[in-house]
Amino acid sequence: MDNLLETEYYDDDIDYQHPLASESCWESARFEQCRFKKLDMSEGKWRFCIFDECEFIDCDLSLLILNNSQFHSAIFIRCKLLGVDWTQADWTTHLGKPPKFKDCILNSGSFFGLALGAIQLLNCIVHDVDFTESSLVKARFIGSELNQSRFYNTNLTSADFTQAQGYQIDVRQNRVDKARFSRIEALGLLGALGIELVD
């Protein structure tokens with residue numbers, strides 16, 4: 001597996017024709033305001049990389065290993081992100097905004113225990129994703145499908161689930177103060193309480 005030389009710096013657009021596209025492991029590279037388009041980095045590795053205000057568009061990043069890489073104000077659009085363990089990234093340095101995902105597929109991933117505040121998952125497919133013990137205050141899940149995703153001891157204060165579907169959130173085991181839910185889907189919150197609704 002090829003590695004990048006240490007402390008490489010990039011500030012240009014990177015697509016599938018860029019020399020980096022053929023590298024399966026990126027290490028100690030810094031990317032500032034880069035736009036990544038149509039990259040296939042599935043099953044690749046990013047080690048100690050920094051992505052500062054970068055956009056990822058139409059990329060396949062499934063099963064990507066994020067070994068201590070950092071994301072500052074990252075935006076993902078129409079990306080495939082199956083099986084990504086986001087806990088492997090370095091979130092200790094909070095520079096910029098939490099990541100934003102739009103029209104992405106994030107199935108079978110994990111955000112276990114992360115404090116990502118106002119993370120945005122807009123119109124995404126988010127099946128079987130672990131949000132246990134996470135702090136997602138002011139997070140936005142607008143229009144996303146959350147089937148079989150796990151919320152346990154999760155701080156969802158002021159989170160927005162407008163038009164989101166498929167979620168199962170036990171209000172006794174999660175903080176949902178001032179969270180927003182669409183009226184019909186919110187009926188699912190009563191399921192964990194053993195309440196039966198009748199017409």
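Colleague: How many salt bridges does the structure hold?

Modeller: The model is a predicted one, and eight salt bridges are found in the structure.

Colleague: What makes the pair of Asp 58 and Arg 78 a salt bridge?

Modeller: The two side chains meet at 2.8 Å, N to O. The cut-off is 4 Å between a side-chain nitrogen of Lys or Arg and a carboxyl oxygen of Asp or Glu, so the pair qualifies. Asp 58 lies in the loop between S8 and S9, and Arg 78 in the loop between S10 and strand S11 (100-102), so the pair ties together parts that are 20 residues apart in sequence.

Colleague: Why are Asp 58 and Arg 78 called partly exposed?

Modeller: Partly exposed covers the range between the limit for buried, under 20%, and the limit for exposed, over 50%. Asp 58 has a relative accessibility of 31% and therefore belongs in that range. Arg 78, with a relative accessible area of 44%, is likewise partly exposed.

Colleague: Why is the pair of Arg 35 and Glu 55 called a salt bridge?

Modeller: Their closest N and O atoms are 3.4 Å apart, and the limit is 4 Å, so the term applies. Arg 35 belongs to strand S5 (residues 35-37) and Glu 55 to strand S8 (residues 55-57), so this pair ties together parts 20 residues apart in sequence. Arg 35 is partly exposed at 36% relative accessibility, and Glu 55 is partly exposed at 24%.

Colleague: What makes Glu 32 and Arg 30 a salt bridge?

Modeller: The closest N and O atoms of Glu 32 and Arg 30 are 2.7 Å apart, which lies within the 4 Å limit, so the pair counts. Glu 32 has a relative accessibility of 25% and is partly exposed; Arg 30 is also partly exposed, at 29%. Salt bridges with shared partners join Arg 30, Glu 32 and Asp 52 into one network.

Colleague: Let us turn to the aromatic residues. How many aromatic pairs does the structure hold?

Modeller: The structure holds 31 aromatic pairs. One of them is formed by Phe 76 and Trp 86, with 5.8 Å from centre to centre and 80 degrees between the planes.

Colleague: What makes Phe 151 and Phe 161 an edge-to-face pair?

Modeller: The ring centres of Phe 151 and Phe 161 are 6.1 Å apart, with 75 degrees between the planes. Phe 151 lies in the loop between S12 and S13 and Phe 161 in strand S13, 10 residues apart. Both residues are buried.

Colleague: Which residues touch the most other members of the largest nonpolar core?

Modeller: Phe 31, Phe 56 and Trp 86 do so, in a core of 52 residues. This core draws at least three residues from each of domain 1 (1-82 + 92-97) and domain 2 (106-193). The C-alpha centres of the two domains lie 26 Å apart.

Colleague: What makes the approach of Ser 182 to Gln 163 a polar contact?

Modeller: The side chain of Ser 182 reaches the backbone nitrogen of Gln 163 at 2.6 Å. The limit for such a contact is 3.5 Å, so the distance qualifies. Ser 182 is in the loop between strand S14 (180-181) and helix H1 (183-186). Leaving aside neighbours within four places in sequence, the contacts of Ser 182 include Phe 161 and Tyr 167.

Colleague: Is Ser 73 buried or exposed?

Modeller: Ser 73 has a relative accessible area of 18%, which is under 20%, so Ser 73 is buried. Ser 73 is found in the loop between strand S9 (70-72) and strand S10 (75-77), and it has a positive phi of about 60 degrees although it is not a glycine.

Terms used: Residues are numbered from 1 along each chain as its sequence is written. This is a predicted model: local features need pLDDT of at least 70, side-chain atom pairs count only at pLDDT 80 or more; totals for chains, interfaces and linings use all residues. Side-chain values use heavy atoms; hydrogens and water are left out. Helices (H or I, at least four residues) and strands (E, at least two) are DSSP runs, numbered from the N terminus. A polar contact is a pair of N or O atoms within 3.5 Å; within protein, one must be able to donate a hydrogen and the other to accept it, and residues adjacent in sequence count only if both atoms are side-chain atoms. Contact means heavy atoms within 4.5 Å. A nonpolar core is a set of buried Ala, Val, Leu, Ile, Met, Phe, Trp, Tyr and Cys residues joined through side-chain atoms within 4.5 Å. Buried means under 20% relative accessible area, exposed over 50%, partly exposed in between (1.4 Å probe, protein chains only). Domain bounds come from an automatic or database domain assignment. Rings of Phe, Tyr and Trp (its six-membered ring) pair if their centres lie within 6.5 Å; planes under 30 degrees apart count as stacked, over 60 as edge-to-face and the rest as tilted.
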